Amino acid sequence: MKIKRLPLLLATLILLFAGCQPKKYANSDKIEQRLVYQQYSAVYYAGEESLVVFADFYENNPTGTSVRLVKPSSISLNDSPMSILKNDDIEIVGKSRNKDIVSYHYSGNGKLPLSLRFNYINNDKVSYQNEFVISTIEPKVAAAKISKQSGVSIAYNGSAFSDNEQLYFSLWRKDGKEFDLYPLDMPEQGKIFIYPEDIIDVENGEYDLHFHRFSYSSDIKGSERGGSMEGEYVSKKMKITIVE
């Protein structure tokens with residue numbers, strides 16, 4: 001059975017909401033600007049045409065103190081200011097918020113933007129602009145049958161995968177039960193391969209399947225501490241039937 005790895009976006013949310021960060025945040029004008037670490041994460045749900053984006057700032061690295069931006073420092077996405085995530089916004093992630101972590105967010109509906117352009121201005125009034133593209137993936141078929149003996153190959157629409165990307169799939173059963181993310185090998189020649197060992201622990205039956213395409217970059221413009229960006233694309237659902 002393959003080892004399940006935790007994508008950065010999910011790890012970010014766990015850190016953000018699980019309370020394992022330091023107990024106090026720091027205002028950005030109280031720390032050295034060269035020590036600010038930028039972390040951007042975004043997920044696009046194709047079925048709902050919904051985009052959720054987070055921007056987080058830390059002192060030194062993601063395990064450091066959360067940073068709250070105060071004037072003249074700011075963060076914007078595609079030329080629109082990002083707002084602090086508040087308790088009223090909890091339905092975005094469906095978890096209790098750690099009040100000691102400051103996170104900026106955007107959520108909206110519509111077509112996936114061609115790119116996400118982040119503009120961070122620090123308290124020295126230095127501007128850092130970073131651009132990130134969420135790569136898409138959609139199966140070319142609406143339904144498929146997967147045998148536990150032979151697996152299945154599924155053609156997809158989307159660009160070729162790069163070394164800084166990962167592919168997972170998730171399953172939803174009719175009774176509402178959700179299964180974990182399952183890692184997949186990199187697609188080849190425009191096809192996704194689901195092998196018998198990928199579904200060995202899954203009960204036979206009918207499911208909704210979503211592909212999750214994660215992309216990551218640490219090539220970021222910023223202070224000496226740098227930062228990271230990750231995007232996730234969740235495909236529209238396809239119907240699958242798992243059989244022996």
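Guide: Strand E5 (residues 74–77) and E6 run antiparallel and are joined by two bridges. Strands here are DSSP runs of E of at least two residues, numbered from the N terminus, and two strands pair if DSSP finds at least two bridges between them. This is a predicted model, in which local features need pLDDT of at least 70, side-chain atom pairs count only at pLDDT 80 or more, and totals for chains, interfaces and linings use all residues. Residues are numbered from 1 along each chain as its sequence is written, and side-chain values use heavy atoms, with hydrogens and water left out.

Visitor: Which residue is the bridge partner of leucine 77 in E6?

Guide: Serine 80 is the partner of leucine 77.

Visitor: And what sheet do those strands belong to?

Guide: They are part of an open sheet of four strands, in the order E6-E5-E9-E10, with antiparallel pairing. Strand E6 (80–81) and strand E10 (127–132) are the edge strands, each pairing on one side only.

Visitor: What's in the loop between E5 and E6?

Guide: Aspartate 79 is found there. Its phi is near 75 degrees, a positive value in a residue other than glycine. Aspartate 79 counts as exposed because its relative accessibility is 67%; the scale is buried under 20% relative accessible area, exposed over 50% and partly exposed in between, using a 1.4 Å probe and protein chains only.

Visitor: Where else does a residue other than glycine have a positive phi?

Guide: Asparagine 60 has one, near 80 degrees. Asparagine 60 lies in the loop between strand E3 (50–59) and E4, and at 28% relative accessibility it counts as partly exposed. For background, most residues other than glycine have a negative phi, and most peptide bonds are trans.

Visitor: Speaking of peptide bonds, where is there a cis one?

Guide: Between lysine 71 and proline 72, with omega about 10 degrees. Proline 72 is in the loop between strand E4 (67–68) and E5.

Visitor: Back to sheets. What is the order of the open sheet of three strands?

Guide: The order is E11-E13-E16, again with antiparallel pairing. Strand E11 (138–139) and strand E16 (191–194) stand at the edges with a single partner strand each, so one side of each has no neighbour in the sheet. Strand E13 (residues 152–157) pairs with E16 over four bridges, and alanine 155 stands opposite lysine 191 in E16.

Visitor: Okay, the inside now. Which members of the largest nonpolar core touch the most others?

Guide: Tyr40, Phe57, Ile75, Phe118, Leu171, Ile194 and Phe211, out of 50 residues in that core. A nonpolar core here is a set of buried Ala, Val, Leu, Ile, Met, Phe, Trp, Tyr and Cys residues joined through side-chain atoms within 4.5 Å. Apart from that one lies another core, of five residues, among them Val43, Val52, Phe54 and Val234.

Visitor: What does isoleucine 75 contact?

Guide: Leaving aside neighbours within four places in sequence, its contacts (heavy atoms within 4.5 Å) include Tyr40, Phe57, Leu69, Met82, Tyr104 and Phe118.

Visitor: Several rings in that list! How many aromatic pairs are there?

Guide: The count comes to 10. Rings of Phe, Tyr and Trp (its six-membered ring) pair if their centres lie within 6.5 Å; planes under 30 degrees apart count as stacked, over 60 as edge-to-face and the rest as tilted. Tyrosine 168 and phenylalanine 214 make an edge-to-face pair, 5.4 Å centre to centre with 80 degrees between the planes. Tyrosine 168 lies in strand E14 (residues 165–173) and phenylalanine 214 in strand E17 (residues 205–217), so the pair ties together parts 46 residues apart in sequence. Both tyrosine 168 and phenylalanine 214 are buried.

Visitor: Which rings join into a cluster?

Guide: Tyr40, Phe57, Tyr104, Phe118, Tyr120 and Tyr128 are linked by ring pairs.

Visitor: One last thing: is serine 28 buried or exposed?

Guide: Serine 28 counts as buried, at 1% relative accessibility. Serine 28 is in the loop between strand E1 (26–27) and strand E2 (36–45).
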